[in-house]
Structures are given as C-alpha cells and as structure tokens.
Amino acid sequence: MTKKIKNLKEFSLSNDRYEGGNLMCPGCSHNIIVREVLNATNDPVIVATATGCLEVCTAVYPRTSWDVSWIHIGFENAAVAIATASAAYEVLKRKGRLPEATQKMVDEGREPKFVAFAGDGGTFDIGFQSLSGAFERGHNFMYVCLDNEVYANTGGQRSSSTPIGAATTTSPAGKVSYGEKMMKKSMIEIMADHGAPYVAQVSPSKWKDLVKKVQKGFEVKGPVYINAQSACTTEWKHAPEDTIEVSDLGVDSCVWPLYEIINERDEHGIIYSTKLNITYRPKNKIPVEEYLAAQPRFRHLFKPENRHIIDLWQKAVDARWEYLQKREEAGV
Amino acid sequence: MAKKYELNEVEVWDGNMAAAQALRQAQVDVVAAYPITPSTPIVQNYSQFLADGYVDGDFIMVESEHSAMSGCVAASASGARAATATSSQGFALMVEVLYQASGMRLPIVLTVVNRALAAPLNVNGDHSDMYLGRDAGWINLCSYNPQEAYDLTLMAFKIGEDLDVRLPVMVHQDGFLCSHTAQNVKPLQDEVAIEFVGEYKPVNTMLDVSNPVTHGVQTEEDWHFEHKARQHNDLMNSPKVIKRVFEEFKALTGREYDFVYKYKMDDAEVAIFALGTTVESAEVAADRMREKGIKAGVVSLRVLRPFPFEQIQEALSGIKALAVMDRSAPGGTLGAMFNELSAAMLAKGESPIMLNYIYGLGGRDTTIDHLTEIFAQLDECAKAGERKYPLQQFIGLRGPKLSFY
C-alpha cells in the first residue's frame, strides 16, 4: 500500500520506526536516509544491516534504535540476509505458518517490505559477491547502499567507491601523492545490468525524489538497488551543519546525478525494455570545483601541482552527465 | 504439502542420500546451499526431491558457502527451519558465520561430509574441517556409517531446536568412506519421522510484526563476556536434552546412541580411540587382537561437542594403554583429540600410557594391518608398563618414518 505524503512537515512527523538518540555522528547522512526510507511506507518493514557505522551505532546491547525487526550478521552478507529473510517469509506464508499479527497485515494487503542497508564497503567491495548472487536469484527486497565513499566505521580507509583525489587514511595525500588514484565503480549500472527491475540514485537532500523512488521500488517485484549519497561529516570533513548543503552541491554539480533505471522484466529475469530517467536536472549546473572545495578531503587538490585533478574531475562528470542524457533521450 | 516418499523397510543408501533423506523428512523450510565435493550429492538429491514434489520448503542455490550459512542464519532468525550441507573449503569459508549462528542461538542443522583442507588441494576424507569448527559453539554429532548419518541428522533438529538448547548442530560423516559408500539403511516412514522431529517452534522471529526484534547486536567489554558465558553454559547443559532425544529415538527405532561409543571395552587392556569410519575398522582389528589373546577395545565419541568429559574418563578407566588417532594435520603440536583425552585423564588423576597417531590425511587408506600394528605397540607398552614408542607417530606415510617427542 503506497503511503500518501503531502509535505515535509507531515513527513517529518511520521511515526518513527528508527529512533534518534543513537550513536551516529552529528550531521550524519545515514540517519536521514534511513528515516526517509522507512517513513516512505506504513507497511511492516524487516531490515538487515551490514557491519558498519549504522550497525555499530544503533544496536548496542541492551539498547536498540530499531522499532522494526532487524538483523545484522556480518560485513559481507547483508544482501543474502535480507534476500533469505524474504524467501523465508514466502515459504512460511505458503505453509500458513506466519505469526498471527503478520498474517493479519498480509490479509489487509500490507505485505512486509524487506530492506537491507549497507555502506559502500559492504556493497562495492566485501559484500559484492553476496549482493550479485542475491540479485541474480531475483528475491524480493530492496538494497540501499549508504554511499559515503569510504570505510568510515574503521577510520576512513579507501573503498572502491572512493573517488579520485580523495584523501583517505589508506590513500592519503602526501608530498608525492594527490590521494586516491581511481574514479569510483559504477555500481548503479552494474546493478541495473543484473536485470534488477528498479535501480536509482538518491540524495537525502532531495527527500521527495528519494521517497518517490523508494515507493516505486517497494511496488515492483524483484530486487531493487538504491544508491544513496551519504555525505560523511567525519571523513569528508565538512561541518556537521553543512551536510545537506554539501549534498546539494553534489547533486547540482552532477557529481551525484539523480536518476533511475527501469528494467521491464518478468519473473524469470527476462528483460523486455530498459529505460533511464534523469529525475533531477539542476537549473544551473555548478562547477565540480565548488563541490570539491566544500570538503577538506579534497583540500590538497587546490595546490597548483594538483589542479589538473580538478580538471580531470570536471571532464569525468561532464562525460557521465552527457552519457546519462544520451541514454535518457534514446530511451534505453 | 509435500508428497509422501514411499520407502522400503531397508533402503540401500550412501551417507549423502541418508543425510538428504533426513533433511527431506525434517521438512526444512529453507535450505541454502552451495555444492562441494564430497557433500554435493546431499544438495543434488535434495534438489531432485524438490523437483519431484517431495519438498515444500525453499531450496536456494546461493553463490558461496559463506552465503549458504548466512542465508541459514537469516532464515532461522525469520522463524524458518534452516539447514545446509558442506565439506572442507566450503566449511572453511563458512567459519565466520558458524560463530554468528551459534552466538545468535539459531538451531540450524549442518551436515558436514568431512574432507581435507588445502593446500595441497585434496577432495578426499580427513577430519581437518571437523577440527576447524570444533570451537564454534555448535553441538557436534559424529556418525560412522550412513544409518547413523541418517539417524543423527533427524535427531539434530530435535536437539538444536529444544527451547533449553537453541543451538546449531553439525552432523559429521566421513567423505567418500561414508558419503559415497552404499549400505543398508533402515529409514523411518515419512509420517513417523515428521512426528519424531516435530514442528519447529521459533522464538524471537523477525517476521512477527507485532513484536519487532533486534538480532546480531553489538556488545563490547560490558556485555560480550556474559553473552559468551551464557552460550557456553547452555551448550554445557545440552547433554540433558541430547540424552532425552537419544532415548526417544531408541524407543522409536531400537537403535541406541550414547555420548561415548565403546566396543569391547568392559575388559579391555588396550584401546584405540578414533572418529568416523575408522571406528568400524578398529573394531575388526580389535577382534583380530582378541583372537591372539590381547584384550583390545575401541572408543569413540558420538558427541564431540559438548565434550563428554566424564563419560570419556569412565570409558578409559582401568585400561593400560591408549592410542589416540587424529585424522588432521596437527599444526605444530600433538593431535587435538590426544590433547583433549589427555586433559580428561589428567583431571581423573589416572592415565593409561597414551600414544598419538596421525593417520589418513587426504584420504590415505588406513588398513586393518595398520590398526593391528597400533594395537601391538599398545600391547608392548602395556606389558612393559611404560611408553616404548614416540609420543606422536605418523602411520601410513610413505618415505622415512616420522615421529615426534
């Protein structure tokens, strides 16, 4: 059942199933994203979380921040965890063994939603095999990557989502280095190429866009991938109160383009058509330099010897934006 | 509803078919599995049962053993009965999640077909994988033949799911020598097996929307110790339930199981301790020694974890010499079973002369002649009243003899 949301005030007053007062850093985007995802529906939600900031900060025994059923197994298995919970639900429903209260909800047309949250380390790197397998098998779940482009929970090491030029604790800038050498992995296209019926990139700062995409994802059958931009006050090193501003700079510079890929597919994973939609088009596309300048993780790029990396950045972002627009125009 | 599988009073099954049939009769809700030799036929047989309508649960062919066990954990936390099968490298890949399964108190059943660990790569049987998982907080049951693999797999569900236990259970069988050796097996008819195993009554299921639960929390120095201590405590108290299930199974089938397995130990002066299929070979060897007037016996464990400390003390009480056979590379010390049995006898304050034999690695045959030679060495020690051989010897090894201490 799709929840109707009139405005931000009403949305922000939704009955929280993810409680504040947890141990996340002030200004952390993860908290905003998780609230926005869970509040996008009134149906029951079952959550799996990979090891990471979200997990260590929200379920420290004997307390929990979760008013929904929640499981954490390990770092690399959030996808298989949520996929198998979803499979177990289907089996128990078929066998008539769902708990009474759950059966009642199902009878009312309010089927539970299965959602995994994992960071980019748990998604792009160590959890990628489990993620790929779960998507190929076509289980019914949503996987949300809280993408802060770094192993924030373990002290800011590079991941395969860390973009070029970012200084991390394992790709530091130094006398002879400008930091990370490689541009990040294109996870959204990789997951779309798994034949997922719905894949999208979102930003917590564009909450309406985020909620709309999450609701679309909840409506389709099969595995859904959402890549959520998650500005990290600790590792991107901006001030906690600037989280939304930095997020907006990312979106308006097209470093974090907001778009979706819809694969029209059947239950066998056969795809009949693919469509890419850009869901947010900045009125004024700002230079990437402004986005980079807002984050001290890129501070060293503004030294004369590293300026060429900023130029590279702009070229990469322009090329990508061009590619997305071409795909959208071509309807593929 | 799954179809009833027509079974003869006696079937000819190998260990893999025996384990697969037990999983089918346990009406497992979710089997998440990945193939690996020599346990692959368990999941192949199970897939065929599903394809023919004999299974109404879900069978998920995942992309790794790590995901197989992770899937079992999530399914179990969701209130589903969950099980899988593996061997060797697959078991090694699962190890991280084995600890999570037991720490989260989920009664998953894992049928392990024991195989060597690489390198060098080897597909044949030894107990390296069994030893690798022995501290993982699972109940470990050991079978020596297909009948026992079947019986113990059925019992594993009833033991692990008991509300006083709530722990995962492994059932071990030897790669190839048990898993691929067809023997007579007397199965239970489906309805009898289903009634024996009983309906799974989950606790703290994630799928109860009226009672949200948090599984897999963080505990640091303030609570971690208490959790692990409680888990150990419940594992140590599980014999009450294991004993009860063994008794119920005996009442139903006449087949008797105990924590420690003994063969001709009543008057034995020398004994071999071994695990797996070697137990039956050792029995043949013991009979040959008895023909020569040597009072030989055999001891094994049916329950490896929790370790039946007192029963093993009692079983070994009064013998003069004991060979502890370890079928795993000892990695720089004495064999693990040798150390565990030594600890038991040290605590008892009396110990036979004890020798450690490393044998059968990577599927190397251990013959009756090897075993009678061990008995002969034990007899020599027993008669001399002292150890006449090195503490640790490798048997069946090509090239110069290898021994330590």
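Predicted model: local features only at pLDDT ≥ 70, side-chain atom pairs only at ≥ 80, totals over all residues.
**Notebook: salt bridges, a helix and the A/B contact**

I started at A:Lys184, which counts as partly exposed at 22% relative accessibility. My cut-offs for relative accessible area are under 20% for buried, over 50% for exposed and partly exposed in between (1.4 Å probe, protein chains only).

Residues are numbered from 1 along each chain as its sequence is written, chains are lettered from A and ligands numbered from 1 in the order in which they are written, and side-chain values use heavy atoms, with hydrogens and water left out.

**Salt bridges within the chains**

I counted a salt bridge when a side-chain nitrogen of Lys or Arg lies within 4 Å of a carboxyl oxygen of Asp or Glu. That rule gives 45 salt bridges over all chains.

A:Lys184 pairs with A:Glu149, with the closest N and O atoms 3.0 Å apart. A:Lys184 sits in the loop between β6 and α8 (187-192) of chain A and A:Glu149 in the loop between β4 (141-147) and β5 (173-174) of chain A, so the bridge ties together parts that are 35 residues apart in sequence. Helices (H or I, at least four residues) and strands (E, at least two) are DSSP runs, numbered from the N terminus. A:Glu149 is buried, at 3% relative accessibility.

Next I went to chain B, where B:Arg305 bridges to B:Asp135 with a closest N to O distance of 3.9 Å. This pair links distant parts of the chain, 170 residues apart: B:Arg305 is in strand β13 (residues 303-305) of chain B and B:Asp135 in the loop between α5 (128-132) and β6 (139-142) of chain B. Buried or exposed, for B:Arg305? B:Arg305 is buried at 12% relative accessible area, whereas B:Asp135 counts as exposed at 53%.

I also checked B:Lys158 and B:Glu248, whose closest N and O atoms are 3.5 Å apart in a salt bridge. B:Lys158 is in helix α6 (residues 146-161) of chain B and B:Glu248 in helix α9 (residues 239-253) of chain B, so this bridge ties together parts 90 residues apart in sequence. B:Glu248 is partly exposed, at 32%.

**Where A meets B**

How many salt bridges run between chain A and chain B? I get four. One of them joins A:Lys95 to B:Asp56, closest N and O atoms 3.3 Å apart. A:Lys95, A:Arg97, B:Asp29 and B:Asp56 form a network of salt bridges.

The contact (heavy atoms within 4.5 Å) takes 43 residues from chain A and 46 from chain B. The two chains bury about 3400 Å² between them, 61% of it on carbon and sulfur atoms. Buried area here is the accessible area (1.4 Å probe) that two parts lose on being put together, summed over both.

I find 20 residue pairs in polar contact between chain A and chain B, both residues at pLDDT 80 or more. On the side of chain A that touches chain B, the elements giving two or more residues are α3 (53-58), β2 (69-71), α4 (78-94), α5 (100-107) and α7 (128-137) of chain A. α4(A) gives the most, with ten residues. A polar contact is a pair of N or O atoms within 3.5 Å; within protein, one must be able to donate a hydrogen and the other to accept it, and residues adjacent in sequence count only if both atoms are side-chain atoms.

**Helix α11 of chain B**

In α11 (residues 309-316) of chain B, the buried residues are B:Ile312, B:Gln313, B:Ala315 and B:Leu316. They sit on the same side of α11(B) because they cover an arc of only 165° around the axis, taken from the directions from the helix axis to the C-beta atoms. On the other side of α11(B), B:Glu310 and B:Glu314 are exposed. The buried residues of α11(B) pack against β10 (260-263), β11 (270-273), β12 (296-301), β14 (321-326) and α12 (336-348) of chain B.

Most residues other than glycine have a negative phi, and most peptide bonds are trans. I noted A:Cys254, not a glycine, with a positive phi of about 70°. A cis peptide bond joins A:Tyr61 and A:Pro62, with omega about 5°, and A:Pro62 is in the loop between α3 and β2 of chain A. B:Thr37 to B:Pro38 is also cis, with omega near 0°.
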